[in-house]
Amino acid sequence: MFVAILAGLLVSIDALFIGVSFGSQKRCKVWHIIVINIALIGLCFLGYFLGLFIGDRIYFDIDLIIGLIFILLGVWMILAYFIFEHRKRKREEDVVDETLATEVKKRKGSTKNIWLTGIFMSVEAMFITIGLTLTLEISTVLIPLTVAIAHFAYSLVTFFLSKYLRRFPPIIGHIVAGLALIAYGIMAIVL
């Protein structure tokens, strides 16, 4: 049981950097994090039940598949940030009036990125829960609870810290969180 809690806490560390990324954006409010984490809790429990369902039907070592999923999620998280930023800049270049471009950036860009990152974080937490359910010998309800609570606590604490500390560019959170997922994937394959 202790291993399930420890694993849930460790694999949720990427939420620290998501919180930094959210806190660095002026448009992000605490209610964004609360709504995202409510959805995340539901997806963690869905992941737990999917893991139990899949685990009863798989008769081979699934660590390679789980590792590859985490690596792909990490790469996608890093690339998605650059793709969305490139598209946002392209839209701003298409707008002739600079004041209108600034308004578009303020209104649409940040909020859209917040929700997209939140959706990604929730789906990633679901995959973490599935992975832990499949790889740990003890499958307990503490797995989704720990993953969900850790994501919520980590993202909320670093959200508030980044609001009061020096502003970090959002790219830092996305890259570090992506690299953390890639590291989880490599650990799942190797260990």
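Predicted model: local features only at pLDDT ≥ 70, side-chain atom pairs only at ≥ 80, totals over all residues.
**Thr146.** Leaving aside neighbours within four places in sequence, I found Thr146 in contact with Ile5, Gly8 and Leu9, where contact means heavy atoms within 4.5 Å. Thr146 lies in helix α6; helices here are DSSP runs of H or I with at least four residues, numbered from the N terminus. Is Thr146 buried or exposed? Its relative accessibility is 10%, so I noted it as buried (under 20% relative accessible area; exposed is over 50% and partly exposed in between, with a 1.4 Å probe and protein chains only).

**Ground rules.** Residues are numbered from 1 along each chain as its sequence is written, and side-chain values use heavy atoms, without hydrogens and water. Local features need pLDDT of at least 70 and side-chain atom pairs count only at pLDDT 80 or more, while totals for chains, interfaces and linings use all residues.

**The nonpolar patch.** Next I looked up a surface patch of about 600 Å², made by Val30, Trp31, Ile34, Val35, Ile38, Phe152 and Phe160. Patch residues have over 30% relative accessible area and no salt bridge, and nonpolar side chains are joined within 5 Å. A salt bridge would be a side-chain nitrogen of Lys or Arg within 4 Å of a carboxyl oxygen of Asp or Glu. Helix α3 gives the most, 5 residues. Val30, in α3, counts as partly exposed because its relative accessibility is 31%.

**Helix α3.** I also found buried residues in α3, including His32, Ile33, Ile36 and Asn37. Residues three or four places apart in an α-helix point the same way, because there are 3.6 residues a turn.

Definitions and conventions:
Patch = residues over 30% accessible without salt bridge, like charges linked within 9 Å, V, L, I, M, F, W, Y side chains within 5 Å. Areas by Shrake-Rupley, 256 points an atom, 1.4 Å probe, with all protein chains shown as cover. Helix = DSSP H or I, 4+ residues; strand = E, 2+ residues; numbered from the N terminus.
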